[in-house]
Amino acid sequence: MSEFRVKVDVCVVGAGHAGCEAALACARLGLETVIFTVSVDSIALMPCNPNIGGTSKGHLVRELDALGGEMGKNIDKTFIQSKMLNVSKGPAVHSLRAQADKADYTREMRKVLENQEHLTIKQAEVCDLLWENMPDNKKKITGVKIYTGTIYECKAVILCTGTYLRARCLCGEAITYTGPNGLQAATHLTDSLNALGVEMNRFKTGTPARMDRRSIDFSKMEEQFGDERIVPFSYSTDPASIQKEQVSCWLTYTNEETHDIIRANLDRSPIYAGIIEGTGPRYCPSIEDKVVKFSDKERHQVFLEPEGLHTNEMYVSGMSSSLPEDVQIRMYRTVPGLENCKIVRNAYAIEYDCINARQLDASLEFIDIKGLFSAGQFNGSSGYEEAAAQGLVAGINAAMSIFGRDPLVLDRSESYIGVLIDDLVTKENREPYRMMTSRAEYRLLLRQDNADIRLRKKGYEVGLISEEQYQALLEKERLIQAEIARLKSTNVGANKEIQAFLESHNSATLKTAASMAELICRPELTYECLKEIDKEREAFAMELCGMPTLPEDVIEQVEIEVKYEGYIIRQRKQVEQYRKMEEKKIPEDIDYDCVPSLRLEARQKLKSFRPASIGQASRISGVSPADISVLLVYLEH
Amino acid sequence: MFKKDTIAAIATGLTDSGIGIIRISGPEAVMVGDRLFRMSSGKKVLADMPSHLLQYGFVVDGEDDDSSWKEHILDEVMAVVMRAPKSFTGEDTVEIHCHGGLLVLQKVLECTIRNGARLAEPGEFTKRAFLNGKMDLAKAEAVIDLIHSQNEFAHKSAVNQLKGLLSDQVKLLRSEILYELAFIEAALDDPEHISLEGYSEKLTKKVEEIIYRLQKLIDSADNGKLMKEGISTVIVGKPNAGKSSLLNALLGVDRAIVTDIAGTTRDVLEETIRLKGISLNIIDTAGIRNTEDVVEKIGVEKAKKFAGDADLIVYVVDASVHLDESDREIIPLIKDKKAIVLLNKTDLVQKVKEEELEALLQEQGCVETKVIRTSITEHIGLEELEETIKDMFFRGQININHEVVITNLRHKEALMEALESMKMVKRSAEDEMPEDFYSIDLMSAYAALGHIIGEEVDDDLVQEIFSKFCMGK
């Protein structure tokens, strides 16, 4: 074979949601970047559910956008239905979710990549990683070798192999050695990783069937509409530009008959028959799992979601399965509306190689391999949004390391991305990791509505947010602070007009004077409705920004900050506590064998995790509070 | 401060008893023990002895002189080596079982210190056990309480905490809070599958119940403290009824001045005594009568005040003097209180009949007050008094076998914190806040309770969500 050599700055392996963000970040920061994919037609492919966002995942997309990522912009271009979830609940758990036109999504992202300066797309399987040994027992990545033998020399490699590594798909007894959607699997890289000393895991996930829309009787289902007013994902998208006609999704239910068929055929499920060795995710259980584990539930919800505008395929959400085809068909046909359904693509389970992400530090670089970064399902996560978020961080940090700058490390108190990465690199993951709002301890502060305020500055410092965007943020913050200060200092007396206003809004009348902010705190009153008695508002806005009302996004922040102030203050106090523990750094060269009285399990865990701080150490499973006390005492010496 | 040195102390109580134990713990424990222990043959064997085997021998204080060691024998003992981690502290430990006697114990202890051990600080063995992961925080603190407990009651409470009664209750509360949290979180994460409709009312009920239970535990903390410090007992009665004699009899010393002249005790005297395993803080008061003497008057006022604050009142009635106005003044003090009436001086000519006294008590509303006939100077009836006090506190008012009593300040504070958080949850629900706001304070309560048993939040919530609720697409 020829010894053809190419020299670049960064190689990104894989062009899924993580790979796209990683490659774009590097190229946008001026680094010569190559992105490898086994098929150029599968760039930013959505092989499972046809949507972006959802609870907590919507937060990730918002944060990604605030830092300068692409996913938010791309879904804004290609969505066909949009919904803000949890609107009846508090602002912290409002979550945006959009149905995507899958083909459009892929095409638009490909367009962005193709037109990105410094970025080259290359269709090729990467077979080998190239490295050299360093004096300190660590290794350093020097390049990659593709299937043709061509060598790409580079300063950093970002692995975003998704579910392709030694992938195996199972549909009942039928087993194929392919990646998602029947695409070619990547079979060689695992050996190279093993040779590098990387510890591998094997996970599984699954996807439900796709059905022909013409075979479905929607009259037996409940129609699910999109929101009347569409909120964009990206801070760069003008809301007015995306108010468009939306398509519907449909809701139906399984029943006892469905469950009986599943129970009767469990022995033919590769999972229950023990053929699948990988660990599956609990949060998106197969219908077999739901029926077995929650046997008291009489029915399970099934959502039919369109895969795009130019296809008849419908995604059957809630019924992923790895049962054989004949059982699948019988099972699906028991569901109202699906009596005559025709399956275009069968449900299947997929197994793949991924890593134990504890080998990474919080910048997503391998602790022992300089220049090797990784992101996405390869790191043991699940979901498009989780992948994209890591891809962006890995891309940024590959660039930062090449530039010799400090890495971008987000912590748990400032972003869902920080929670995601901290969980991945410090905790023991036995299943694909999905983001959940319950994983974020400080979620009242980590809202989807304030991701720009939390993270834009960091994106600007990194170099992915323009000066103009940054200035716009500073202006927004100025308006928010000024208006909050005004509301707190503007008092209204208990006069006739005010009392009449309060009575008309079913709100208790005043005994003494109250500030405008105090009134906003009342559940039944809003910033908007108080306009009537807030005489100075218009003049103040005029003076502040030259308009009679403040921009909508400013008002949103003002209202939330004022209304939930008590809770927000409590949460900030918790963050202070947390930061104290995070700031107690553990020296990198600590020898845990010299720390007296650590329990054996804790000693082993600490040795292998090598936490950077006491805070991180305390989150490692198997390290008890007593061990932390011991460690604290030792460090104080 | 955690130090990796070897410590020693007398592990048993500091009283003369049959057997006393010296415990040596730390990396050099075996070496220290070996220096001072010899078998009857004179051989030094401790260093090579198997773990957990009791060995007969002698503690010898002196040089390594093999010929004259017998002249330096301090005590005839049994010794045991417990090698790490299988010991109370998790470290190498040597225990020497001596033949009691404080003096001998102290000499043996001094000997260990001369041979390389350091005198342990109070609770240091337990601290090491905790740091070595041998016990959780609640257990460790219960052990320390055990060491410091002054009486059998506190002892039993400490033992209960140790056995995990408190841990059990706290664990139960935590698991109930966790369930609610998981339900809310599951619904927030998967709003299309799990609905929170009508949940707020259900939660409010649950929260109220938890608040009640927390409050009960906290209240017990005050009781627990009381028991540890002793039950505040006030002796009242007319001048010269025998109050000071009672105090002296219980104390066994002439602490209060006892004369036949009424009004000798002009102020109040306070003593702590142990009675059937209960600590009593006994306050002897000035006799209550109408008096013109200014100093005595102050004493009388004080007596009334102490009686008001007392946990137990012992009312001493002089049987040799007729009941009068002063008695009518005293009886209201014991109404609604735990009280015992002593009909004293029954050895003298009785002017007060028991029936008469009981009738007066009935008339004044003291229905269940027990009357005991005594002659304090003759030591008659004192046994019955002690039994009665014991019964009142062990059987009647506080049933220590079924109730968890908090005796540790840190536990109380954590419970208070949890209580405050649960009250916040209740308020959020009353204010009709969105459900996700409940979880902030539910989580705080969960974490606060975790501090009692030394458990962190960790992944509990996510585990609970997945195990209890059907999630996802």
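Predicted model: local features only at pLDDT ≥ 70, side-chain atom pairs only at ≥ 80, totals over all residues.
Into which domains is chain A divided? Domain 1 takes 5-49 + 69-76 + 105-206 + 352-432. Domain 2 is 210-349, domain 3 is 467-568 and domain 4 is 584-636.

**Stop 1: domains 1 and 4 of chain A**

The centres of domain 1 and domain 4 of chain A are 30 Å apart. Nine residues from domain 1 and eight residues from domain 4 make the contact.

**Stop 2: the largest nonpolar core**

Next, select A:F36, A:L129, A:V157, A:I158, A:L159, A:L193 and A:L372. These are the members that touch the most others in the largest nonpolar core, which has 107 residues.

Zoom in on A:V157. Skip residues up to four places away in sequence, and A:V157 touches A:C11, A:V13, A:L129, A:I141, A:G143, A:V144, A:G371, A:L372 and A:F373. As a general point, nonpolar side chains tend to be buried together in soluble globular proteins.

**Stop 3: helix α13 of chain A**

Select residues 496-504 of chain A, which form helix α13. Which residues of this helix are buried? They are A:I498, A:Q499, A:F501 and A:L502. Look down the axis: these residues cover an arc of only 160°, which puts them on the same side of α13(A). Turn to the other side, and A:K496, A:E503 and A:S504 are exposed.

Now show what covers the buried residues. The cover includes β24 (491-492) and α14 (516-520) of chain A.

At the start of α13(A), a side-chain oxygen of A:N495 comes to within 3.2 Å of the backbone nitrogen of A:E497. After the helix comes A:N506, with a positive phi near 55°.

**Stop 4: chain B as a whole**

Chain B holds 15 helices and 13 strands. Take the contacts in chain B between residues at least 6 apart in sequence: 67% of them join residues at least 24 apart. The accessible surface of chain B is about 21300 Å², and carbon and sulfur atoms hold 51% of it.

**Stop 5: B:V77 in strand β5**

Select B:V77, which sits in strand β5 of chain B. Is B:V77 buried or exposed? Its relative accessibility is 2%, so B:V77 counts as buried. Apart from neighbours within four places in sequence, B:V77 is in contact with B:F37, B:Q55, B:Y56, B:G57, B:F58, B:V59, B:I96, B:H97 and B:C98. Then draw a distance from B:V77 to B:L54, which is 23 residues away along the chain. Their C-alpha atoms are separated by 10.0 Å.

**Stop 6: B:E91 in a loop**

Finish on B:E91. This residue is in the loop between β5 (73-82) and β6 (93-98) of chain B. B:E91 is buried, with a relative accessible area of 6%. Which residues touch B:E91, leaving aside neighbours within four places in sequence? Select B:S25, B:G26, B:M82, B:R83, B:A84, B:R128 and B:N132 to show these contacts.

Conventions:
Residues numbered from 1 in each chain as written. Chains lettered and ligands numbered in written order. Heavy atoms only, no water. Core = buried A, V, L, I, M, F, W, Y, C linked by side-chain atoms within 4.5 Å. Buried < 20%, exposed > 50% of the residue type's maximum accessible area, 1.4 Å probe, protein only. Contact = heavy atoms within 4.5 Å. Helix = DSSP H or I, 4+ residues; strand = E, 2+ residues; numbered from the N terminus. Arc of directions from axis to C-beta. Polar contact = N/O pair within 3.5 Å; in protein donor to acceptor, adjacent residues only side chain to side chain. Areas by Shrake-Rupley, 256 points an atom, 1.4 Å probe, with all protein chains shown as cover. Domains from an automatic or database assignment.
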